[in-house]
Amino acid sequence: MDYKYKKQKISVCKNYVFPKISPLIETSERPFWSVMITSYKRTEYLEQAIRSVLSQNIGEQEMQIEVVDDCSPLESGQKIAQIVQEVGKGRVTFYHQPQNVGIYNNWNTCINRARGRWIHILSDDDLVMPNFYQAYRQQIEANQCSMVIGQSVSINQQEQWLGISKSLQAYEGLLDNALKKLSRDNPIRTPAIIVAREAYEQVGGFTDSLVYAPDWEMWTRLAANFNVAYVKRPYSQFRCHTGSETNKLVLTATSVADSLAASQIIQLRFDNFQDRQEIKLSVNKWLSNESRYLSNKFASEGYYYSAWIHALWVLRLTPSISSLKNIINVFLKMLKSLLIKLFHSLKFQY
């Protein structure tokens, strides 16, 4: 299939050099899909992830499936390889990084190892739902696009549904104003995105100048250069749990600082100053709302440092009386929790 691109000139930001993705020699034997499942240390969800892909019943000529492990320690690495062998039964290949490269450089390895025309990067703790690839392929064949995105269901460790990511438009097809919609916040989850390999070859891989938001930067980089198609209903599940690497960055509020750094890169993709200001204010509001929620959540759960630092970010991002009230509210929650613990401690002693 011939994929046409929205622009011939690739949007590159000053002072940012993105990792090179080596092009493949075109052959008729290339599969349509490359499903690249990432892993590191964790073993409890991998079998489910692999089975969710295998259950789509797409043959080997049409779909490459590979688990790319980021140099897990010996014991967990052997367990991961065993799961791939037992569940994949030769249908799923396994690649073990010679050294740990981090989440996003591991994604770049996935892209470089992908032989398919379209790449789906799937974390070992995420899942695809029935007809995922059928629904996404329909959008590929109906639209001249290089990226297809959709909604995703958030689930917890017990596979209970927590919610659905927000809808970006009321209909399927090409996503209107894709760059703006993807720049105001990060509205999509990785399992709900597929990208043409040729698009990665043109814009480069995921940047290592960010630690939390390289995915958001990438989706906007792609949207700045190519058409984006949209699948209306969710066909993937994104797992939320405390053991994830990204959750650790949220606890320290590194997620906020890194998202702001990503936003500065993203704003350079708009020529108009008014558009850049609109994106900046929108991102500040989004991150402030996130930190407001997290500051109160962490205060209630006893993560006092995390609660306090997120409360300060709320004030910094959106200075207002409301933000000051939030700091006071968080402080009172922390104080109440500490006093309850002190009371129980003294009661136990006597």
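1. Start with Glu217. Glu217 is buried, at a relative accessible area of 0% (buried means under 20% relative accessible area, exposed over 50%, partly exposed in between, with a 1.4 Å probe and protein chains only). This is a predicted model, in which local features need pLDDT of at least 70 and side-chain atom pairs count only at pLDDT 80 or more, while totals for chains, interfaces and linings use all residues. Residues are numbered from 1 along each chain as its sequence is written, and side-chain values use heavy atoms, with hydrogens and water left out.

2. Which residues meet the side chain of Glu217 in salt bridges? Arg221 is one partner, at 2.7 Å from N to O. Arg269 is another, at 2.5 Å from N to O. Glu217 sits in helix α7 and Arg269 in the loop between α9 and α10 (273-301), so this pair ties together parts that are 52 residues apart in sequence. A salt bridge here is a side-chain nitrogen of Lys or Arg within 4 Å of a carboxyl oxygen of Asp or Glu. Side chains of opposite charge can pair when their charged atoms come close.

3. Arg221 is buried, with a relative accessible area of 0%. Arg269 counts as buried at 8% relative accessibility. Glu217 and Arg221 are 4 residues apart in helix α7 (residues 214-223), so about one helical turn separates them. Helices (H or I, at least four residues) and strands (E, at least two) are DSSP runs, numbered from the N terminus.

4. Now take helix α6 (residues 197-203). Arg197 and Glu201 both lie in α6, 4 residues apart, or about one turn of the helix. They form a salt bridge, with the closest N and O atoms 2.7 Å apart. Are these two residues buried or exposed, or in between? Arg197 is buried, at 0% relative accessibility. Glu201 is partly exposed, with a relative accessible area of 22%. An α-helix has 3.6 residues a turn, so residues three or four places apart point the same way.

5. The salt-bridge count comes to 15. Lys180, Arg184, Asp275 and Glu278 are linked in a network of salt bridges.

6. Look next at Ser263, in helix α9 (residues 254-267). Ser263 is buried, with a relative accessible area of 2%. What does Ser263 contact, leaving aside its neighbours within four places in sequence? The answer is Trp216, Ile279 and Val283, where contact means heavy atoms within 4.5 Å.

7. Check helix α1 (residues 46-54) from the side. Its buried residues are Leu46, Ala49, Ile50, Ser52 and Val53. They cover an arc of only 160° around the axis, which puts them on the same side of α1. The arc is that of the directions from the helix axis to the C-beta atoms. These buried residues pack against β1 (33-39), β2 (63-69), α2 (74-88), β4 (118-123), β5 (127-128) and α4 (132-142).

8. Strand β2 is mostly covered, with 7 of its 7 residues buried. Met63, Ile65, Val67 and Asp69 are buried on one side, and Gln64, Glu66 and Val68 on the other. The chain crosses from β1 through α1 to β2, and this β-α-β crossover is right-handed. That means that, with the strands pointing away from the viewer, the path from the first strand over the helix to the second runs clockwise.

9. How many bridges join β2 to β1 and to β3? There are 7 between β1 and β2, which run parallel. There are 4 between β2 and strand β3 (residues 93-96), which also run parallel. Val68 of β2 stands opposite Thr38 and opposite Tyr95 in β3. β2, α2 and β3 make a right-handed β-α-β unit.

10. An open sheet of 4 strands has the order β5-β12-β7-β8, with mixed pairing. β5 and β8 (161-164) stand at the edges, each with a single partner strand, so one side of each is left without a neighbour in the sheet. Two strands pair if DSSP finds at least two bridges between them. β5 and strand β12 (residues 236-239) are joined by 2 bridges and run antiparallel. Leu127 stands opposite Gln237 in β12.

11. A note on the record. UniProt, in an unreviewed entry, lists residues 34-167 as "domain: Glycosyltransferase 2-like". UniProt positions are given in the numbering used here, feature names are shortened, and annotations may be inferred rather than shown by experiment. In the model, the span is 34% helix and 27% strand, and its end C-alpha atoms lie 26 Å apart.
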